[in-house]
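Please keep the sequence and the structure in view while reading.

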Amino acid sequence: MALLRSCVVFALISTIIPVMTLAKDFVVGDEKGWTINFNYQAWAQGKDFRVGDKLVFNYPVGAHTVFKVNGTSFQNCIKPPANEALTSGNDEIVLATPGRKWYICGVGKHCESAGQKLFITVQPQSSSPSPAMAPSMVQMQSMPYSSKAIKDTVNYQLFFGVLAALVTLSFAF
Ligand SMILES: *[C@@H]1O[C@H](CO)[C@@H](O)[C@H](O)[C@H]1NC(C)=O
């Protein structure tokens, strides 16, 4: 009986740990979204950005844009060519590599006059994903922007992992 219980606990833990270390979504500015006159440095403060996590920039289409830039362009609000802008109003960026990342708005003087700029530091992934997760995580990291198909794959794996844990639990106790 004790052995069975140990097995169950092991099964639960090995199911739940990958769930807990799963990539996170960060909605930039939370409910304020991507906008002018918001302190994005204060927003980023204390957040643990990891490789595989995702930034989501929400804003009314046309009101703002998102450019990924380097540190110099961030400091001086230098806009890259217009065709490099993200403009969907719901732009998702998967953090593919560790290090410092800079983002600015390309509309008007939003960057220089209204502080619409974000600087974050991305840490390496904290622990390796489970074998089942590995292929989709590798794909996510190698793609600059997320794809819905991959997101759904991850969600299904999550769903079945949790389901398996619940079934195990209901049989054991
Ligand atoms: C930063 O980006 C700008 C514009 O893309 C480029 O001209 C500049 O050389 C870059 N600076 C560094 C330090 O990479």
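The points below move from the whole chain to its sheets, its core, its ligand and some individual residues.

This is a predicted model, in which local features need pLDDT of at least 70, side-chain atom pairs count only at pLDDT 80 or more, and totals for chains, interfaces and linings use all residues. Residues are numbered from 1 along each chain as its sequence is written. The secondary structure of the chain comprises six helices and six strands. Here helices (H or I, at least four residues) and strands (E, at least two) are DSSP runs, numbered from the N terminus.

**The chain as a whole**

- Read from the N terminus, the elements follow the order α-β-α-β-β-α-β-β-α-β-α-α.
- The chain has 173 residues, of which 22% are buried. A residue is buried if 20 or more other C-beta atoms lie within 10 Å of its own, exposed if 12 or fewer, and partly exposed in between, with C-beta atoms placed from the backbone.
- Two residues are in contact if their C-beta atoms, placed from the backbone, lie within 7 Å. Of the contacts between residues at least 6 apart in sequence, 77% join residues at least 24 apart.

**The sheet β3-β5-β6**

- Strands of a sheet pair through backbone hydrogen bonds, either parallel or antiparallel. Two strands are said to pair if DSSP finds at least two bridges between them.
- Three strands make up an open sheet in the order β3-β5-β6, with antiparallel pairing. Its edge strands are β3 and β6, each of which pairs on one side only.
- From one strand to the next, the twist averages 30 degrees. Axes for such angles are lines fitted to C-alpha atoms, for helices over the stretch in contact, and angles run from 0 to 180 degrees between N-to-C directions.
- Three bridges link β3 and β5 in the antiparallel sense. Phe 67 has Ile 104 in β5 as its bridge partner, and Lys 68 stands opposite Tyr 103 in β5.
- β5 and β6 run antiparallel and are joined by six bridges. Lys 101 has Ile 120 in β6 as its bridge partner.

**The sheet β1-β2-β4**

- Another open sheet of three strands has the order β1-β2-β4, and its pairing is mixed.
- β1 (25–27) and β4 are the edges of this sheet; each has a single partner strand, so one side of each is left without a neighbour in the sheet.
- On average, neighbouring strands here are turned by 20 degrees against each other, direction ignored.
- β2 and β4 pair in the antiparallel sense over five bridges. Leu 55 has Ile 93 in β4 as its bridge partner.

**The nonpolar core**

- A nonpolar core is a set of buried Ala, Val, Leu, Ile, Met, Phe, Trp, Tyr and Cys residues joined through C-beta atoms within 7 Å.
- The largest such core has 18 residues, and Phe 57, Val 66 and Ile 104 have the most contacts inside it. Two or more residues come from each of β2 (54–58), β3 (67–69), β4 (90–94), β5 (99–104) and β6 (117–122).
- Leaving aside residues up to four places away in sequence, Val 66 touches Trp 34, Phe 57, Ala 85, Leu 86, Asp 91, Tyr 103 and Cys 105.

**The ligand**

- Asn 70, Thr 72, Ser 73, Ile 78 and Pro 80 surround the ligand. A residue is counted as near a molecule if its C-beta atom, placed from the backbone, lies within 6 Å of it.
- This shell has two nonpolar, three polar and no charged residues. Ala, Val, Leu, Ile, Met, Phe, Trp, Tyr, Cys and Pro count as nonpolar, Asp, Glu, Lys and Arg as charged, and the others, Gly among them, as polar.

**Individual residues in loops**

- Val 51 lies in the loop between α2 (40–44) and β2. It counts as partly exposed because it has 19 C-beta neighbours inside 10 Å.
- Val 51 and Leu 95 are 44 residues apart in sequence, yet 5.3 Å apart in space, C-alpha to C-alpha.
- Most residues other than glycine have a negative phi. Asp 30, however, has a positive phi near 50 degrees.
- Asp 30 is placed in the loop between β1 and α2, and it counts as exposed because it has 10 C-beta neighbours inside 10 Å.
- Cys 77 also is not a glycine and has a positive phi, of about 55 degrees. Cys 77 is in the loop between α3 (71–76) and β4, and with 19 C-beta neighbours inside 10 Å it counts as partly exposed.
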